[in-house]
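Dear colleague,

I am handing over the structure we spoke about, and I would be grateful if you could look through it alongside the notes below.

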Amino acid sequence: MHVSKIGLTALVPPELIFACGGEPVDVNNIIPASKKYPRNKLCAWTAIWKEMLVERELSVDSLIVVAGGDCHNALVDGQKVAMSGIPTHFFFYPFDGDPEYLESQLYGLSGFLGGIKFPEKIKQINDLKKLGQKIDIKRSRGRITSGEAFNILISFSDLRGNLEEFQKNIASIKEHSIKTGNRIALIGVPPIFCDFHDVAQSLGLHIVFDELPYEFIRHRGANIREIACDYREYTFARPLDFRINFLQKELEKRKVDGIIHYTQFACHHMLEDEIIRSRLDYPVLTIQGDLPGNTPQQIKLRLEAFREMLERL
Ligand code: SF4
């Protein structure tokens with residue numbers, strides 16, 4: 001039986017894609033290690049997946065672009081992919097969190113994917129998300145490196161397209177005993193650098209919270225109605241106030257010492273930096289990335305200076 005590969009440009013409930021018989025592929029997850037330099041770009045994330053899809057270097061049967069409530073660069077680059085002949089569906093989150101609107105979007109998506117055929121996959125994924133939450137807690141307690149935890153948590157957007165293999169990947173994570181002296185929350189879109197968490201850890205900064213990957217493991221639901229009622233709280237698609245209120249509680253719970261706000265060149269989320277700085281009462285280091293690859297030397301120096309500053313407080 002042919003299983004359709006469904007490309008995703010941001011968070012789309014993967015439980016619905018698996019339940020419809022598709023294999024989700026988060027087109028962002030291959031970018032940090034790709035070392036690709038796109039020819040024509042604003043944000044490198046969308047430019048790279050657009051180029052790889054249009055040139056068929058990345059093979060998918062169809063693409064779901066998260067348009068409303070997330071990223072306007074993706075909306076435009078997604079249309080270029082659609083014009084190249086790949087069937088493309090545009091998915092919109094409600095800015096006001098209206099569950100009925102989101103439910104209608106999820107029904108539209110399910111229709112695009114041919115309808116639900118394997119409802120049992122939804123429970124299987126909910127169980128895997130519980131394991132993801134345990135990893136998140138162990139990392140926060142210094143029993144798993146932040147690099148290993150991040151690699152698993154970021155993969156919850158598509159569960160690497162194979163639930164059984166992904167469960168084995170989770171089970172293979174080794175426990176350690178890590179000093180968590182400088183407890184850092186990494187907020188914003190994920191860094192485009194493939195070694196960022198390991199670099200931060202080697203410089204004495206233990207990342208105990210990854211904002212976007214945490215969204216991937218905390219939303220769930222047993223059917224379309226429940227999925228709509230829960231995913232409507234996906235913070236990146238909601239007003240900034242809503243997201244900051246959520247962050248305030250989460251950062252307090254995790255007893256963080258400081259925040260790294262990662263921003264991406266030419267991404268509108270950069271504009272949020274001043275509000276984040278004024279509303280979150282922690283030392284904040286804002287860094288910016290552009291192209292994929294290893295963490296640049298200049299950013300390593302800034303991380304080191306940030307650690308020294310935290311240790312002086
Ligand atoms: S970094 Fe910003 S502009 Fe780039 S894909 Fe993410 S949300 Fe869109």
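What follows is a short account of what was found, beginning with the overall fold.

Please keep in mind throughout that this is a predicted model. The chain is built from 13 helices and eight strands. Its radius of gyration is 19 Å, close to the 20 Å that the globule rule gives for 313 residues, so the chain is as compact as a globular protein of that length. The C-alpha trace spans about 60 × 40 × 40 Å along its principal axes, and 42% of the 313 residues count as buried.

As for the ligand, the residues around it are Cys43, Trp45, Thr46, Cys71, Asn73, Ala74, Val189, Gln264, Cys267 and His269. This shell comprises six nonpolar and four polar residues, with no charged ones, and at least two of its residues come from each of helix H2 (44-54) and helix H3 (72-83).

One further residue was examined individually, namely Gly289, which belongs to strand E8 (residues 284-289). By contrast, the C-alpha atoms of Gly289 and Leu159, which are 130 residues apart along the chain, are separated by 26 Å.

Technical notes. Residues are numbered from 1 along each chain as its sequence is written. This is a predicted model: local features need pLDDT of at least 70, side-chain atom pairs count only at pLDDT 80 or more; totals for chains, interfaces and linings use all residues. A residue is near a molecule or strand if its C-beta atom, placed from the backbone, lies within 6 Å of it. Helices (H or I, at least four residues) and strands (E, at least two) are DSSP runs, numbered from the N terminus. Ala, Val, Leu, Ile, Met, Phe, Trp, Tyr, Cys and Pro count as nonpolar, Asp, Glu, Lys and Arg as charged, and the others, Gly among them, as polar. The radius of gyration is taken over C-alpha atoms; the globule rule is 2.2 Å times the number of residues to the power 0.38. A residue is buried if 20 or more other C-beta atoms lie within 10 Å of its own, exposed if 12 or fewer, and partly exposed in between; C-beta atoms are placed from the backbone.
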